[in-house]
Amino acid sequence: MLKGKKILLGITGSIAAYKSVFFVRLLLKAGAEVKVIMTEGAKDFVSPLTFATLSKNKVLSDLFDEDTWANHVMMGRWADVMLVAPASCNTIAKMANGICDNLLLAVYLSSQAPVLIAPAMDEDMWHHPATQKNIDTLQQNGNAFLPVNKGELASGLTGEGRMAEPEEMIKYLTGFFEKKNDLKGIKALVTAGPTYEAIDPVRFISNHSSGKMGVAIAEELYNRGADVQLVLGPSTIKTDNGIQLKKVVSADEMYKACIKGLSTYNIIIMAAAVADYSPKIKSSQKIKKKSEEFSLELKKTKDILFEAGKRKSSGQTLVGFALETNNEKENAIKKLRRKNADLIILNSTNDEGAGFGLDTNRITIFDKNGKEYKFPTKTKKEVAEDIVNTIIQYRNE
Ligand code: CTP
């Protein structure tokens, strides 16, 4: 996917610049062509000679190179993508404000190529409202951000702000070039993950859902150009930054997040394992153990898929999941009808390679016209592709 792609890599002053050395090696191994621009600050961390040797191209830093003017316009035109990695807090601020005091910024401001940014900074700088505002501005201007990692930082502290690892950046870039855009103009809502139903301030009822399947579906929709809103229950899974993410905890919060603007979506996929019941009363204080037996009164949660089915408008495609242990097909089709869905995706606990937390899944899809689509065990990314392809096929019929 990266073979023959022209990557313009901007490197700024951050210790994470050493990771970009490995990144350039991986890019070249994948067959990409790389040109590197460094800021003055970047040279304090890694020598331009290192990047020049690896990329087999001269490293550029100055607006004026000896007596000649470095043609920043042509550099931006040469690239299929411009990636700033690491992007320091300072460079992000300058990019957001249109400041042009070095070659990297001049190329950025005149670039016709899409721009990706991999931030690297300490956690406090990352969370500072000024930085977050700059990131919002850059996103609104059409730039995409690679997610930052949590871990050991240059300050010795542990937290958010680490630049993505070279392998992760390769994966992200590959996904970027894979983007097909056949879903441009489509608005999609996806629910994913479990919900937590609080019993008291320290305990809750939940299930083993990891959120992996729903997140993979959201990413597939996004990579094909859809405008995606992901409503995610408690899950540690990271998502693509271009996906609009609403994190929720309880079934009630998930319901409220989905119902808002429900009529605006073309495709709605409910992959969350929403708790069916929630404690009737949430104790405000920790419940102390007293008697030998203890019973908890539960009340039904609102069924989001059912509600979406009731309100479904023409042109809207509603997709649900069914996890069944017995009479799988019959139960799944009953669920499809009861909730007025267009398609239902069946997972059976009896299938090997399917289930909570795994990286693989095995599904059968039923549509409301009686069609059945059976798939073998695949990775969740491949399953997400099958699901999205089936939805598109259904919408085109
Ligand atoms: N779902 C939902 N809101 C709920 C419960 C479920 O949106 N409160 C959605 C899930 O996201 C999934 C589908 O409904 O798409 C699964 O329904 P499930 O909970 O398995 O089915 P039930 O109708 O509760 O039937 P049963 O528990 O009898 O299997």
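**Reading salt bridges and a buried threonine**

Author: Let's open with a trio: Lys19, Arg162 and Glu165 form a network of salt bridges. A salt bridge here is a side-chain nitrogen of Lys or Arg within 4 Å of a carboxyl oxygen of Asp or Glu. Keep in mind that this is a predicted model, where local features need pLDDT of at least 70 and side-chain atom pairs count only at pLDDT 80 or more, while totals for chains, interfaces and linings use all residues. Residues are numbered from 1 along each chain as its sequence is written, and side-chain values use heavy atoms, with hydrogens and water left out.

Reader: How many salt bridges does the rule give?

Author: The general idea is that side chains of opposite charge can pair when their charged atoms come close. In this model the count comes to 22 salt bridges.

Reader: Which residue forms a salt bridge with Asp359, and where do the two sit?

Author: Asp359 pairs with Lys212, with 3.0 Å between the closest N and O atoms. The two are 147 residues apart and link distant parts of the chain: Asp359 is in the loop between β19 (343-348) and β20 (360-361), Lys212 in helix α9 (residues 212-223). Helices (H or I, at least four residues) and strands (E, at least two) are DSSP runs, numbered from the N terminus.

Reader: Is Asp342 buried or exposed?

Author: Buried means under 20% relative accessible area, exposed over 50%, and partly exposed in between (1.4 Å probe, protein chains only). Asp342 counts as buried because its relative accessibility is 3%. Its salt-bridge partner is Lys368, at 3.4 Å from N to O. Lys368, at 36%, counts as partly exposed.

Reader: What does Lys371 pair with?

Author: Lys371 forms a salt bridge with Glu397, the closest N and O atoms being 2.7 Å apart. Glu397 lies in the segment after α13 (380-396) and Lys371 in the loop between β21 and β22, 26 residues apart.

Reader: Which residues is Thr301 in contact with, leaving aside neighbours within four places in sequence?

Author: Contact means heavy atoms within 4.5 Å. With those neighbours left aside, Thr301 is in contact with Glu197, Ala251, Ala275, Asp276, Tyr277 and Ser278.
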